[in-house]
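Please read each point against the coordinates.

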Amino acid sequence: MNNNKRGKLVLYTGCSGVGKGTILEKIRERDPNVWVSVSNTTRGKREGEIDGVHYVFVTKEQFENLIKENGFLEYAKYCDNYYGTPKKPVEDMLADGRTVILEIEVKGGLQIMEKYPDVVSIFILPPSLDELEKRLRNRGTEDEETIRKRLSEAKHELGFKDRYSYNVVNDNIDEAVDEIINIINKDA
Ligand code: 5GP
């Protein structure tokens with residue numbers, strides 16, 4: 001779609017296990033103009049994940065080469081792995097008038113706020129930390145050590161929620177989706 005109007009950039013952050021992925025799937029179904037950026041990562045592929053769809057899975061060396069080539073809009077290390085947003089597709093989609101969602105953690109989020117002061121920033125909150133721990137465990141995709149690291153990272157990340165323009169609690173998934181769609185389409 002190209003209506004000569006630059007698309008909106010949306011920064012979307014939430015702790016591991018908060019349900020970000022499920023919310024995003026529903027947003028995509030509801031708004032075909034939304035495009036979700038596919039990040040590069042050095043972390044191992046989880047069961048069911050597809051290379052090029054959920055992430056582009058790369059080696060540490062490949063990632064570091066991309067950093068040198070200035071290929072990332074932002075990147076960060078999270079729980080011992082690199083994660084980064086490739087620059088070109090995001091710029092292309094924005095130029096094409098698409099709403100671009102960056103589903104990234106806090107360190108990258110702060111870089112994006114600096115570079116794009118007009119970014120619409122949304123932080124997804126769990127109803128409580130106990131509930132977050134329960135969801136992470138029920139997901140069953142991480143071992144105990146990784147769960148502990150992710151919970152500790154979550155507590156740290158929650159300290160940055162006020163830097164975001166909008167905080168959305170994921171208590172009821174459909175309500176969270178409605179709320180985010182309203183935010184995205186505000187002043188569209
Ligand atoms: P996961 O390993 O659970 O897929 O992602 C771990 C964290 O990395 C999540 O908070 C996710 O939002 C974040 N993340 C995913 N892609 C990127 C990226 O390109 N850049 C940054 N800074 N964080 C990312």
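1. α1 makes the greatest contribution to the lining of the largest pocket, supplying six residues. Helices (H or I, at least four residues) and strands (E, at least two) are DSSP runs numbered from the N terminus. The model is predicted: local features need pLDDT of at least 70 and side-chain atom pairs 80 or more, whereas totals for chains, interfaces and linings use all residues. Residues are numbered from 1 along each chain as its sequence is written, and side-chain values use heavy atoms, without hydrogens and water.

2. The largest pocket holds about 1,100 Å³ of space. Its lining comprises 39 residues, of which Lys20, Gly21, Arg46, Tyr55 and Glu103 are closest to the centre. A pocket is an open set of points on a 1 Å grid over the protein atoms alone, where a 1.4 Å probe fits, with protein on both sides within 12 Å along at least five of seven lines; lining residues have an atom within 4 Å of a point. The volume is the space filled by probe spheres set on the points, which are joined across faces, edges and corners.

3. The ligand sits in this largest pocket (more than half of its atoms lie within 2 Å of the grid points). Around the ligand are 17 residues, the closest being Ser39, Arg43, Tyr55, Tyr83 and Glu103 (a heavy atom within 4 Å).

4. Ligand oxygen atoms lie 2.5 Å from a side-chain N or O atom of Tyr55, 2.9 Å from one of Arg46 and 2.7 Å from a polar side-chain atom of Arg150.

Definitions and conventions. A polar contact is a pair of N or O atoms within 3.5 Å; within protein, one must be able to donate a hydrogen and the other to accept it, and residues adjacent in sequence count only if both atoms are side-chain atoms.
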